[in-house]
Amino acid sequence: MSLSECKMIDLPKVSNQQGNLTFIEGGNHIPFDIKRVYYLYDVPGGAARGGHAHKKLHQLIIAISGSFDITLDDGQGQKTFHLNRSYNGLYICPMIWRELNNFSTGSVCMVLASSVYREDDYHRDYAEFLESCRSGE
Ligand code: TYD
């Protein structure tokens, strides 16, 4: 899997004078079925999250509130995305190392994931991740 498959997705937005509404249907607006939702909040200033890759997991990351940066790395190159809209999501395919930082005060990072939590789906060691990219495992 490569960085070129990771992209910002424009989500549907229904707006009127009473505010905005965004919805996400698994397999329709995003290329996987949603099995889990989790969110990061109360992230202290200067903190970094992530620092791992997933072997099989697909994810969509949304800045539900506030803003933060996500740097993606497929072992060949890196790309940084700035997330600051609740109607945009960053799709991340499997085998992408990610770092999240520059969280604004009060920001909320929501993640939609294609599977339930499994620690054995993680690469938490960067050298091991690179080796796995090279061997195509
Ligand atoms: P981790 O994915 O490393 O968080 P981040 O990428 O935001 O830094 O998870 C942090 C801890 O939370 C780790 O001990 C595993 C646990 N965890 C769960 O139990 N279930 C989950 O769905 C997630 C995402 C994490």
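How many disulfides does the structure hold? Zero, where a disulfide is a pair of cysteine sulfur atoms within 2.5 Å. This is a predicted model, so local features need pLDDT of at least 70 and side-chain atom pairs count only at pLDDT 80 or more, while totals for chains, interfaces and linings use all residues. Residues are numbered from 1 along each chain as its sequence is written, and side-chain values use heavy atoms, with hydrogens and water left out.

**Cysteines**
- The closest cysteine sulfur to that of Cys93 sits in Cys6, 3.8 Å away, which is too far for a bond.

**Largest pocket**
- A pocket is an open set of 1 Å grid points where a 1.4 Å probe fits, with protein on both sides within 12 Å along at least five of seven lines; lining residues have an atom within 4 Å of a point.
- About 210 Å³ of space lies in the largest one.
- Its lining has 14 residues, and Tyr38, Leu40, Arg49, Gly50 and His52 lie nearest the centre.
- By class, that lining has eight nonpolar, three polar and three charged residues.

**Second largest pocket**
- This pocket holds about 150 Å³ of space.
- Residues lining it include Arg36, His54, Lys55 and Tyr122.
- Its lining divides into four nonpolar, two polar and six charged residues.

Note on methods: Points joined across faces, edges and corners; volume = space filled by probe spheres on them. Nonpolar A, V, L, I, M, F, W, Y, C, P; charged D, E, K, R; others polar.
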